[in-house]
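Trainee: I should like to work through this structure with you, one question at a time. May we begin with the terms and then turn to the details?

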Amino acid sequence: MSFSSSRLAQALTSVTLTLPPIIFFSDNFYSLYRVTGSSMEPSLYHGDILLVRKSDVYPDRLWHKWTSQTYDEGTEEAEEQQNALRVMALDAQCDRPIGHKQIAYTFLRPPTIYIPGCVVVFRAPDAEKYPMSEYRVKRVIGLGGQIVRNGSRHFELRRVPSYGLWVEGDNDEEGQDSEPKSSDSRTFGAVSKNLIVGVAERVVWPPSRWGLIPCITAPVTRSWWA
């Protein structure tokens with residue numbers, strides 16, 4: 001066997017051994033997503049590349065945190081605890097394997113989303129109509145089971161389905177016919193968690209915008225439990 005053939009065989013072997021773990025990691029834990037369009041400005045811009053967390057690793061730690069501690073009423077931790085417990089209860093009612101012994105020590109997809117204001121990537125319900133923008137990034141306004149105030153019609157209240165999320169873009173500018181620039185829950189309603197890819201946690205490109213993606217909520221309450 002020639003030297004060049006040997007090098008080629010080694011390269012193919014390396015690819016064969018490393019590619020499956022990389023694909024498994026990308027499919028189940030973390031992957032990258034490129035922002036397209038201006039619907040999330042000024043928080044995220046066209047071309048930003050995001051690191052997306054696609055599962056809860058060892059979710060038992062999260063369940064234990066919220067079920068075994070007591071926080072002072074009125075604190076941010078107490079509010080997060082209330083949200084987490086309500087979301088986990090509703091998810092369990094919808095046959096999500098919360099508390100399953102085997103899953104508790106591995107990973108659970110998609111991650112448990114209990115904080116309004118976080119940013120998620122999801123497969124759009126109208127993806128068949130707009131195949132070029134099948135996956136979208138928006139901010140969570142309302143959690144499953146909450147009452148939410150419609151962003152484009154503040155007098156209109158909607159109840160989010162138990163296994164859903166109300167998501168909207170950050171860009172409040174209007175496009176043609178006075179419709180919002182962002183195609184989101186104001187257009188197609190709440191998004192099922194079955195369509196959620198993951199939580200966008202960090203901007204990784206360009207380097208000038210490297211950093212965590214903050215959770216942002218409106219100054220006026222947009223969602224609440226009822």
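Mentor: Helices and strands here are DSSP runs, a helix having at least four residues and a strand at least two, and they are numbered from the N terminus. Please bear in mind that this is a predicted model.

Trainee: Where does Tyr 58 lie?

Mentor: Tyr 58 is not a glycine, yet its phi is positive, at about 50 degrees. With a relative accessible area of 41%, Tyr 58 is partly exposed. Its place is in the loop between strand S3 (56–57) and H2.

Trainee: Is Asp 95, which also has a positive phi, buried or exposed?

Mentor: Asp 95 takes a phi of about 70 degrees although it is not a glycine. This residue comes just after H3, in the loop between H3 and helix H4 (101–104). The cut-off for the exposed class is over 50%. At 71% relative accessibility, Asp 95 therefore counts as exposed.

Trainee: What distance separates the end C-alpha atoms of helix H3?

Mentor: Helix H3 covers residues 76–93, which makes 18 residues. At 1.5 Å a residue the helix should span 26 Å, and the model agrees with this expectation. The end C-alpha atoms are 26 Å apart.

Trainee: Which elements are included in what covers the buried residues of H3?

Mentor: The buried residues of H3 include Ala 78, Ala 84, Val 87, Met 88 and Leu 90, and also Gln 81, Asn 83 and Asp 91. Their cover includes helix H2 (60–68), strand S7 (146–149) and strand S13 (223–225).  As a general point, an α-helix has 3.6 residues a turn, so residues three or four places apart point the same way.

Trainee: Which element gives the largest share of the largest nonpolar core?

Mentor: That core has 24 residues, and Ile 113, Val 120, Phe 122 and Val 140 have the most contacts inside it. Two or more residues come from each of H2, H3, S5, strand S9 (164–168) and strand S11 (196–205). The largest share, 4 residues, comes from H3.

Trainee: Which residues does Ile 113 touch, leaving aside those up to four places away in sequence?

Mentor: Ile 113 is one of the residues with the most contacts inside the largest core. Its contacts, with that exclusion, are Val 87, Cys 118, Val 120, Val 140, Leu 143, Leu 165, Lys 193, Ile 196 and Val 199.

Trainee: How many residues does the other core have?

Mentor: This core lies apart from the largest one, and its members include Tyr 33, Val 119, Ala 200 and Val 203. Tyr 33 is on the covered face of strand S1 (residues 30–34), together with Ser 31, whereas Tyr 30, Leu 32 and Arg 34 form the uncovered face. The core has 13 residues.

Trainee: Which residue in S2 is the bridge partner of Tyr 33?

Mentor: S1 and strand S2 (residues 49–53) pair in the antiparallel sense, over 5 bridges. Within S2, the partner of Tyr 33 is Leu 50.

Trainee: Why is the ring pair of Phe 122 and Phe 188 classed as it is?

Mentor: The ring centres of Phe 122 and Phe 188 are 6.4 Å apart, and their planes are at 70 degrees. Phe 122 lies in strand S5 (residues 119–123) and Phe 188 in helix H5 (residues 185–188), so the pair ties together parts that are 66 residues apart in sequence. Both residues are buried. Planes over 60 degrees apart meet the criterion, so the pair is edge-to-face.

Trainee: Which residues are joined in one salt-bridge network with Glu 168?

Mentor: Glu 168 forms a salt bridge with Arg 222, with the closest N and O atoms 2.8 Å apart. The pair links distant parts of the chain, as Glu 168 is in strand S9 and Arg 222 in the loop between strand S12 (211–212) and S13, 54 residues apart. Both residues are buried. Through shared partners, the network joins Glu 168 with Asp 184, Arg 186 and Arg 222.

Trainee: Which residue does a cis peptide bond join to Trp 205?

Mentor: The omega of this bond is about 5 degrees.

Definitions and conventions
Residues are numbered from 1 along each chain as its sequence is written. This is a predicted model: local features need pLDDT of at least 70, side-chain atom pairs count only at pLDDT 80 or more; totals for chains, interfaces and linings use all residues. Side-chain values use heavy atoms; hydrogens and water are left out. Rings of Phe, Tyr and Trp (its six-membered ring) pair if their centres lie within 6.5 Å; planes under 30 degrees apart count as stacked, over 60 as edge-to-face and the rest as tilted. Buried means under 20% relative accessible area, exposed over 50%, partly exposed in between (1.4 Å probe, protein chains only). Two strands pair if DSSP finds at least two bridges between them. The expected span of a helix is 1.5 Å times one less than its number of residues. Contact means heavy atoms within 4.5 Å. A nonpolar core is a set of buried Ala, Val, Leu, Ile, Met, Phe, Trp, Tyr and Cys residues joined through side-chain atoms within 4.5 Å. A salt bridge is a side-chain nitrogen of Lys or Arg within 4 Å of a carboxyl oxygen of Asp or Glu.
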